[in-house]
Amino acid sequence: MKKKKILLLMVLSLCSFFLYGFEGIQNTDFKIDLNRASLDDIRKLPLSETQANAIYNYREYVSLFTSIFQLREIPEIDQKTFLQIRPLIVISKYTDSDEVAQRREELAYILEQLGSNEGLQEGMSDVWEDLLLTTRNVNKMKFSDLNSIPNVNAQDAAAVLKRTAQKDTIMNYRDLRKSEGMSYYAARNLRNYVHYLDTTETNRLFIDYQLKYSDSPYSSDLMDIYRESMIRYATNSSSDPSTPAIKKATYWGYFNMESDRAEVMNKLRLRYGKNYKAGILHNLPKGKYSVDELNDNDEALLKYYAGYENSWDTWGNLDLKAYIGNYRVTYGEGLVMENTDYFSPRKTGYGFNKRIKGVIGDLSRTDQYALRGAAAEIRNNLFEVSFFFSNQKKSAIVYDSNDNEKFDDDDYVLAYINPGNSFSNSELGEFEDYLNNYTDNHGTNCNQVRIAPRKNFLQEKLWGTHLGISPIIGTTLGFTSYTAIYDKDIVVPDADELKYILIPNTKTANEKWKITDNEIAALYSTKTDKYDRDYRRISGFDWQTTFDVFSFQGEYAELEVDGSAFKFGDDPKALILSSYAQYENLNFLFMYRNYDLEFDNPYQRSFAESQKYDDTVFEKLVYGLNNTLMADMYQNSVQPSAEEGIYFETRYRINDYFTINRAYIDVWKRQSDKRTGIRFEGKLDFRPINEVTVKGRYKRQIKRINNELDRGRSCTDEISLGLRYYLSNFDKIEFEYIYGQTSQPPYLSILSDPAQPNGPNMAQAETLSNGDYICVDYTHNFNDYFKISGSVAVWGARGTSFWDFEDTELDFDQSDRGVKYWFTFNNRIASNIYLSLKYKVKNFYTRELEFRTYNEIPDSGEYYFERVERKDTAIKLQLDWKF
């Protein structure tokens, strides 16, 4: 009943909100704005096909309309036609404003599209904004420049270069579009980033300041980590492992994380012309109240760079880039080097899922895998050479390897860790001392904290290089290598020892350490029985070539362990191959990847279905770990999981009404346990008229497809149906309904054969969880400078989960039932000042029970959690000042 009331309230609210918009539709004469109308809109006028195309081409290639009488300048429009359509059209005001201001308007739209895309990585928008504001001559751009622009693929880049190589200058957009092999979508997107003729450029100073404020609560997964008690039972006593914990002995309670403050970021970028760039970023992390609370262990909160870029027409169209400070480097398919703190599943490198290859300045909030030092890149039409050096401290997991009951510089490092919190090393040490000094009711010391994260504990000096050649247009060959030198030993104990370090209780360790945890035991060591070194070295080759509508690319990389440094094939390796075909209304992508379990590269960001440590104790056994913060190894993992798989994706515009917007299938095998999984998702759009789109989607994922009775097997199905309706003035409203279900085999030890009371345990039936999700999204433009967008959603998960792509973020809903709403105001309060304010409210019920004892359902104590209603609110603010 309550759910129905919420739905009724939601519908009534939206109807009243859009009353103005619907009245506008009812009272308007449906006049078409010739400066904003699409070709399909113009065709609705009483015009022939030739006349409609003539009006559209005049606007696109000659001039925007400033007066209705300009129509008479078009030869195809005679006086009779003019008088006939005059009452049906309108000309919006157009002013020949600053070109930079116009491009900023284009950028706002592009960033909005990027923000709603899965796999968006922070920092890319800065690069694309620079390209938008200071365009380049398309006739002088190189293959990698063109291929780095979103929605421009290798075939499109090759089409431009083949035309310019024949001294056939591209003079305008029409020429660009007519280049043989150039797709329609690539041309329309590329035109925002380029110009066509050399012009006299006046150097100009660009200043871009950005403020971001967010007080979003911690995610449910992080709350589970921080609220898990660190005092449970004695390690070497006969006390019952189910002895109730002291619940206040948690990170959440000890550090009073309930009152943690918001995250605040300030970023300033300076650019003089196209040659000189500089910037600085300061990020105050969640939980820190002021700059005064920061200490030496938080130095990565400050990022900066200064850069110089230039191009010369001589020496084969030579380009130079040089940066000092923080920078980002990416090559190939991300097997050897792509330094970012963000993991994006199924990152193909196409569409908006791009990799910007080469060296760029970095003011993203990447922390753990940031590089700081110096980098340089030189290239022309035939070759490219890059060198980069970084000297920076990295956060790492340290364990008490010398058994002196404390963490010191002599202890071994287990691995890198990407911390999900703002605790300083002194704060962590203080809490660990409290835990280690605690005595339980039996007078026995509780588990000693033997393993812990430490910020900026490991000094990394990294040297790298990339060499590339382009013997023919559309073909590149590259070699990339880096060596990271460490000031401490990285030593991974064998599995029999490692599981007791991570899981202090012997019984739990023996029961819960599974074959999937081989991914932990396979981590790289600098010191083993076979060798003792202070470095990690990764090397690899990448290639790409185009042929007609096809492109082929790939990368091969190796981690040097005990093989020869000058021989490939004798060390842990990774391989990725892909091919892409592009037609006017159809494209498809095929990918194959194979990553060895022992290929442990912290800077690998290649295509993968899941992230590293999936299904290991870092994900599944938070409550049993010696230190609950070890769960950050999975929660914030950015490396892909070791897997072998085949991926196929396509998009097909069937006709004017039906489009397979995206369909893909991925079949992969996890290397740690040889588990096979399959995932399929298809999206179909039906557009009966321009203003209406009906959207359908189906997803199916099966884990352990080759073993139907394995407890780890699961089968998830999800189907959604949506309706998007565009109103006047670019307003829109969208409805969506999602139904999902997950089936799993039962616990064999709980169920037994009723016909044989004393017989062996056996499964009776599968367990089925299902849920549904209803959502309404809306956008209303008050004018050209002020708009509101938002959403209202209700759901009942009942054991399933739903992903909701909000305006610029991803929300995960897995509670039994809940309701949420959010709205965002976007306002250009001045010609160069942009303000965005988002407010979000989320009400939901937490889960009633969490099981911690084997095959018992407790009704009190540590293992029972009452279902309670929880309310989260969040405010996000973004201010951009550009001049």
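Q: Which residue forms a salt bridge with aspartate 673?
A: Its partner is arginine 670, and the closest N and O atoms of the two are 2.9 Å apart. A salt bridge here is a side-chain nitrogen of Lys or Arg within 4 Å of a carboxyl oxygen of Asp or Glu. This is a predicted model, where local features need pLDDT of at least 70, side-chain atom pairs count only at pLDDT 80 or more, and totals for chains, interfaces and linings use all residues. Residues are numbered from 1 along each chain as its sequence is written, and side-chain values use heavy atoms, with hydrogens and water left out.

Q: Are aspartate 673 and arginine 670 buried or exposed?
A: Both aspartate 673 and arginine 670 are buried. Buried means under 20% relative accessible area, exposed means over 50%, and partly exposed is in between (1.4 Å probe, protein chains only).

Q: OK, and what does arginine 697 meet in a salt bridge?
A: Arginine 697 meets glutamate 681, at 3.4 Å from N to O. The two are 16 residues apart, with arginine 697 in strand E23 (residues 692-703) and glutamate 681 in strand E22 (residues 676-689). Arginine 697 and glutamate 681 are both buried.

Q: How many salt bridges are in the whole structure?
A: The search finds 54. One of them joins the side chains of glutamate 263 and arginine 365, at 3.6 Å from N to O. That pair links distant parts of the chain, 102 residues apart: glutamate 263 is in strand E6 (residues 263-272), and arginine 365 is in the loop between strand E10 (358-361) and strand E11 (371-379).

Q: Why do opposite charges pair at all?
A: Side chains of opposite charge can pair when their charged atoms come close.

Q: How accessible are glutamate 263 and arginine 365?
A: Glutamate 263 has a relative accessible area of 24%, so it is partly exposed. Arginine 365 is at 25% and also counts as partly exposed.

Q: New topic. How many helices and strands does the chain have?
A: There are 20 helices and 32 strands. They are DSSP runs numbered from the N terminus (helices are H or I, at least four residues; strands are E, at least two).

Q: Take helix H12. Which of its residues are buried?
A: In H12 (residues 220-227), the buried ones are Leu222, Met223, Ile225 and Tyr226. They cover an arc of only 160° around the axis, so they sit on the same side of H12. The arc is that of the directions from the helix axis to the C-beta atoms.

Q: What covers them?
A: The cover includes helix H13 (251-254), helix H20 (632-635) and strand E32 (869-882).

Q: And tyrosine 184, where is it?
A: Tyrosine 184 is in helix H11 (residues 184-190). With a relative accessible area of 32%, it is partly exposed. Leaving out residues up to four places away in sequence, tyrosine 184 touches Arg177 and Glu584; a contact means heavy atoms within 4.5 Å. Its C-alpha atom is 9.4 Å from that of asparagine 585, which is 401 residues away along the chain.

Q: Which residues form the nonpolar patch on the surface?
A: Ile378, Leu382, Phe383, Ile469, Leu477, Phe541, Trp543, Phe568 and Leu577, with about 760 Å² of accessible area together. Patches use residues with over 30% relative accessible area and no salt bridge, joining like charges within 9 Å and nonpolar side chains (Val, Leu, Ile, Met, Phe, Trp, Tyr) within 5 Å. Areas come from the Shrake-Rupley method with a 1.4 Å probe; for residues, only the protein chains shown count as cover. Ile469 lies in strand E14 (residues 451-469), and at 44% relative accessibility it counts as partly exposed.

Q: What is the phi of lysine 167?
A: It is near 60°, a positive value in a residue other than glycine. Lysine 167 is in the loop between helix H9 (154-165) and helix H10 (173-178).

Q: Last one: what is the mean pLDDT of the chain?
A: The mean is 82, and 82% of the residues reach 70 or more; pLDDT is the predictor's confidence in each residue, from 0 to 100. Over residues 1-29 the pLDDT is below 50. Where pLDDT is low, the predicted coordinates should not be read in detail.
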